[in-house]
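Dear colleague,

Here is the structure I said I would pass on. My notes on what was found in it follow below.

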Amino acid sequence: MFSLSSTVQPQVTVPLSHLINAFHSPKNTSISVSVSASQNHHRDVVPDHEATGNEPVLNLRDLGLSELKIGQIDQLVDSLLPGFCKGKSISSHWHTSHVSAQSFFENKYGYLDMFSTLRSSCLYRQHSRTLKSICSDLQCWPVFIQSRGFKTLKSRTRRLQSTSERLTETQHITPSFVKGFLLRDRGSDVESLDKLMKTKNIPEAHQDAFKTGFAEGFLKAQALTQKTNDSLRRTRLILFVLLLFGIYGLLKNPFLSVRFRTTTGLDSAVDPVQMKNVTFEHVKGVEEAKQELQEVVEFLKNPQKFTVLGGKLPKGILLVGPPGTGKTLLARAVAGEADVPFYYASGSEFDEMFVGVGASRIRNLFREAKANAPCVIFIDELDSVGGKRIESPMHPYSRQTINQLLAEMDGFKPNEGVIIIGATNFPEALDNALIRPGRFDMQVTVPRPDVKGRTEILKWYLNKIKFDQSVDPEIIARGTVGFSGAELENLVNQAALKAAVDGKEMVTMKELEFSKDKILMGPERRSVEIDNKNKTITAYHESGHAIIAYYTKDAMPINKATIMPRGPTLGHVSLLPENDRWNETRSQLLAQMDVSMGGRVAEELIFGTDHITTGASSDFDNATKIAKRMVTKFGMSEKLGVMTYSDTGKLSPETQSAIEQEIRILLRDSYERAKHILKTHAKEHKNLAEALLTYETLDAKEIQIVLEGKKLEVR
Ligand SMILES: Nc1ncnc2c1ncn2[C@@H]1O[C@H](COP(=O)(O)OP(=O)(O)OP(=O)(O)O)[C@@H](O)[C@H]1O
Ligand SMILES: [Zn+2]
């Protein structure tokens with residue numbers, strides 16, 4: 001019975017350490033019944049393994065059996081100690097019930113179960129210490145672990161580790177066994193030197209030299225390993241530094257950083273700037289606005305002067321005007337003149353999707369500003385934060401932000417020294433609560449500069465570049481009606497770039513005119529191939545406009561005529577008002593219509609009715625617009641009287657047809673006047689067209705020379 005159980009036992013597959021414990025530890029009870037049975041044997045035969053410490057220790061190498069295969073050990077024991085193997089009878093009993101092999105184990109694994117055979121054998125009982133020693137030297141002791149899947153190096157290491165852990169936990173395992181077990185892979189290195197010397201038959205006299213060489217090689221290999229380790233360490237360090245840089249770069253990325261700031265609400269936008277270098281001197285053409293802001297500067301410079309008299313200054317100033325007219329520049333100049341810190345914030349910065357972020361930024365901004373009073377807070381694009389409070393799914397928390405702004409503005413006294421300047425292009429979009437007295441109660445308009453302002457601005461920016469003395473900023477200013485300060489700055493800059501590209505040393509009128517046309521009408525299209533016929537038509541068309549402008553009393557003076565294609569046009573004539581026109585007379589409006597008609601009239605007179613082109617459509621648009629406004633807005637039609645007709649669609653059919661009739665008469669008369677002038681000045685018309693075909697572009701002086709019948713200097 002007992003031996004049977006031991007024969008069956010290997011079907012329970014347990015790790016080697018457990019088996020070892022089963023051999024050596026009488027305390028171990030965690031294994032199967034059959035194993036504890038074998039413990040009893042162990043106790044009977046070897047009561048105290050310490051006591052047998054003097055027994056000679058044999059190992060496989062000593063016996064010259066290190067090459068022995070595991071499956072052969074049983075046979076070896078059988079042949080060496082046949083008298084002790086009584087267990088054979090038991091296995092023969094088992095043998096009768098199984099035809100294929102002697103045991104389940106053998107059937108399953110294909111070789112004999114060493115342990116059970118050994119344990120049941122006399123060899124084990126009588127020479128247990130020797131066997132232990134043999135075990136310690138066995139480098140490939142079978143470890144029965146049922147595992148599925150791939151065996152990786154990692155799993156092998158883990159298995160080794162877990163095995164060794166369990167081994168060290170057990171006090172009854174001899175240190176040499178553990179050592180031998182753990183070092184079983186490394187032992188081969190030590191062996192190989194001896195083996196090598198033996199196999200190479202190195203004479204004893206040379207053995208020392210051989211060993212020295214071996215050691216040197218070993219040391220070199222170690223140095224190489226060290227080098228590899230060093231370079232690995234260096235690579236790791238470089239990778240780590242690169243990673244740090246990468247993370248830093250990501251945080252610096254505008255999109256990410258904005259998101260970061262947004263989500264954390266950390267961005268306080270409260271770094272003040274000292275604006276010493278910007279003063280009112282830098283802002284041109286907005287004299288009225290500067291005068292109004294002068295008193296704010298005085299207050300910031302000397303608040304006591306105002307408080308003594310009990311006067312209150314506005315807390316908030318609203319700068320209203322089109323984009324690029326210098327609102328930001330003015331606010332900076334206020335801070336610069338007063339020499340106080342300038343806090344810049346853009347309204348859109350407060351416009352956040354996240355709850356309370358906008359409000360908290362406003363709180364931070366005002367807290368910082370109050371701590372550094374006197375100072376200026378400038379909120380650009382105020383309409384995006386202070387727009388009318390509407391319930392919008394896009395900006396669910398905008399109310400919170402504007403409420404916070406209102407609360408902050410109420411939260412400090414008028415003479416505390418903090419001036420808030422807001423800027424907007426759409427004052428009508430602002431929330432009413434924001435523009436009531438006590439908040440943004442002072443409004444300063446910053447309009448587009450007039451011709452004088454434009455001249456000043458042009459001069460200011462021209463002084464920053466190299467320009468020819470022949471440049472007359474006023475001429476450019478006259479031709480840039482409606483330009484803002486920013487657009488004029490851009491004009492000068494583009495002229496400087498053009499001069500640089502053309503390899504010129506200075507900017508001349510030519511470059512300035514060029515960049516003006518580019519801004520007004522788009523870039524030149526030099527690459528467009530225009531055939532001679534079309535060029536001729538364009539030349540006569542444009543000189544038709546020019547002739548009418550030249551010979552009509554109230555028309556604007558001509559500035560330039562060109563047949564160079566630019567933007568959507570094949571050519572154009574530019575006229576310059578002497579001054580900005582605040583209003584226009586009837587005769588001026590009629591003259592503008594006549595000039596517009598000049599193009600088509602010229603085509604008709606020169607090429608015949610059948611050859612008129614589509615090129616006059618924008619001229620007619622222009623003329624019709626003027627005529628319509630004269631009739632419906634300016635009360636300039638005798639038939640319809642001094643009355644405005646705003647929504648012509650709602651008018652009676654009679655009135656509508658009367659208006660149309662009047663407009664048609666105005667246009668027809670204009671056409672006839674133009675025809676008369678061109679017929680009268682047919683010679684000049686021809687000369688000018690030919691000059692345009694030759695020179696492509698003519699300025700005012702050149703046009704005058706041609707029309708006076710003089711010869712143009714060859715360019
Ligand atoms: N009146 C001016 N005098 C001198 N430079 C000007 C003037 N107006 C505008 N500029 C130039 O144009 C730039 C842009 O102007 P600024 O930002 O002040 O305009 P803004 O009215 O605040 O425009 P936005 O409404 O778009 O914010 C200025 O930095 C300045 O270089
Ligand atoms: Zn035209």
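**A serine in a loop**

Ser-652 sits in the loop between H28 and H29; helices (H or I, at least four residues) and strands (E, at least two) are DSSP runs, numbered from the N terminus. This is a predicted model, in which local features need pLDDT of at least 70 and side-chain atom pairs count only at pLDDT 80 or more, while totals for chains, interfaces and linings use all residues. Residues are numbered from 1 along each chain as its sequence is written, chains are lettered from A and ligands numbered from 1 in the order in which they are written, and side-chain values use heavy atoms, with hydrogens and water left out.

With a relative accessible area of 29%, Ser-652 is partly exposed. Buried means under 20% relative accessible area, exposed over 50%, and partly exposed in between (1.4 Å probe, protein chains only). The side chain of Ser-652 makes a polar contact of 2.6 Å with that of Thr-655. A polar contact is a pair of N or O atoms within 3.5 Å; within protein, one must be able to donate a hydrogen and the other to accept it, and residues adjacent in sequence count only if both atoms are side-chain atoms.

**The nonpolar core**

The largest nonpolar core has 45 residues. Such a core is a set of buried Ala, Val, Leu, Ile, Met, Phe, Trp, Tyr and Cys residues joined through side-chain atoms within 4.5 Å. Among the residues with the most contacts inside it are Met-593, Met-630 and Leu-666. Elements that each supply at least two residues of this core include helix H26 (532-551), strand S7 (558-562), helix H28 (617-632) and helix H29 (653-680). H29 gives the most, with 9 residues.

**Ligand 1**

Around ligand 1 there are 17 residues, and the closest are Lys-284, Lys-327, Thr-328, Tyr-461 and Glu-489. A residue is near a molecule if one of its heavy atoms lies within 4 Å of it. By class, this shell has 6 nonpolar, 7 polar and 4 charged residues. Here Ala, Val, Leu, Ile, Met, Phe, Trp, Tyr, Cys and Pro count as nonpolar, Asp, Glu, Lys and Arg as charged, and the others, Gly among them, as polar.

Tyr-461 has a polar side-chain atom 2.6 Å from a nitrogen atom of ligand 1. For Asn-425, a polar side-chain atom lies 3.2 Å from an oxygen atom of the ligand, and for Asp-380 the distance to an oxygen atom of the ligand is 3.5 Å. The protein covers 79% of the 630 Å² of accessible area that ligand 1 has on its own; accessible areas come from the Shrake-Rupley method with a 1.4 Å probe, and for residues, only the protein chains shown count as cover.

Helix H17 (327-338), helix H22 (451-462) and helix H24 (485-501) are the elements that give two or more residues to the shell. Ligand 1 lies between domain 1 (280-445) and domain 2 (451-521), because both give residues to the shell around it. The domain bounds come from an automatic or database domain assignment.

**Other residues**

Asp-339 is not a glycine, yet has a positive phi of about 55 degrees. Asp-339 lies in the loop between H17 and strand S3 (341-346) and is partly exposed, at 35% relative accessible area. Glu-381 also has a positive phi, near 45 degrees. Its place is the loop between strand S4 (375-380) and helix H20 (382-386), and at 37% relative accessibility Glu-381 is partly exposed.

Leu-293, in helix H15 (residues 287-301), is buried, with a relative accessible area of 0%. Leu-293 and Ala-331 are 38 residues apart in sequence and 8.8 Å apart in space, C-alpha to C-alpha.

Regards
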